[in-house]
Amino acid sequence: MSSVHLIKLCVGADSIEDLEGWQKSRLAANARAGKPAFLRHTTRSMPKRKAELVAGGSLYWVIQGWVACRQRIVDLEGIVDGEGVERCDIVLEPVNIRVDPRPHGPFQGWRYLKGEDAPADLAAMASGVADMPEAMRKELKALGVI
């Protein structure tokens, strides 16, 4: 079975560090409430390819027009919100894995991302690239240097 992932805009975050800061505060709130150390992101609809997604899929975050990082999907859970509307909680590992930055235009909701179309993890790239500041890496990527 080929891997499949989700890709989603990270609205409100200006950087991976912004996302990580928000997620750390959510994890701290979960810990205070005695909840598991996983993150949840609520979306409108349940993906139909749940089995493929929880069998090794990740959620790739688009931040400020760039695919910037990913988090492994642990589970997809159907929920009902306070207004009685069915939604989906994407349960995520609390680790952001930086990826080779790739420009991506705006879209609504989430989309499937085939494994072969997903950007490589930054740690797997050529020596030195992962150590560059994020802004420099994006600019060199946009220029076609890396």
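Glutamate 93 is partly exposed at 26% relative accessibility, a class that lies between buried (under 20% relative accessible area) and exposed (over 50%), using a 1.4 Å probe and protein chains only. This is a predicted model, in which local features need pLDDT of at least 70 and side-chain atom pairs count only at pLDDT 80 or more, while totals for chains, interfaces and linings use all residues. Residues are numbered from 1 along each chain as its sequence is written, and side-chain values use heavy atoms, leaving out hydrogens and water.

The partner of glutamate 93 is arginine 72, in a salt bridge whose closest N and O atoms are 2.9 Å apart; the term asks for a side-chain nitrogen of Lys or Arg within 4 Å of a carboxyl oxygen of Asp or Glu. Arginine 72 sits in strand E4 and glutamate 93 in the loop between E5 and E6, 21 residues apart. Helices (H or I, at least four residues) and strands (E, at least two) are DSSP runs, numbered from the N terminus. Arginine 72 is also partly exposed, at 32%.

Arginine 98 pairs with glutamate 17 at 2.9 Å between the closest N and O atoms, which joins strand E6 (residues 97-103) to helix H1 across 81 residues. Arginine 98 also bridges to glutamate 20, at 3.3 Å. Through shared partners, Glu17, Glu20 and Arg98 form one network. Arginine 98 is partly exposed at 25%, and so is glutamate 17 at 44%.

## Arginine 70

Arginine 70, another residue of strand E4, counts as buried at 16% relative accessibility. Its side chain makes a polar contact with the side chain of aspartate 121 at 2.8 Å. Such a contact is a pair of N or O atoms within 3.5 Å; within protein, one must be able to donate a hydrogen and the other to accept it, and residues adjacent in sequence count only if both atoms are side-chain atoms.

## The nonpolar core

A nonpolar core is a set of buried Ala, Val, Leu, Ile, Met, Phe, Trp, Tyr and Cys residues joined through side-chain atoms within 4.5 Å. The largest one here has 20 residues, and Leu6, Leu19, Trp61, Ile63, Ile73, Ile90 and Leu92 touch the most other members. Strand E4 gives this core its largest share, four residues. A second, separate core has eight residues, among them Val62 and Phe107.
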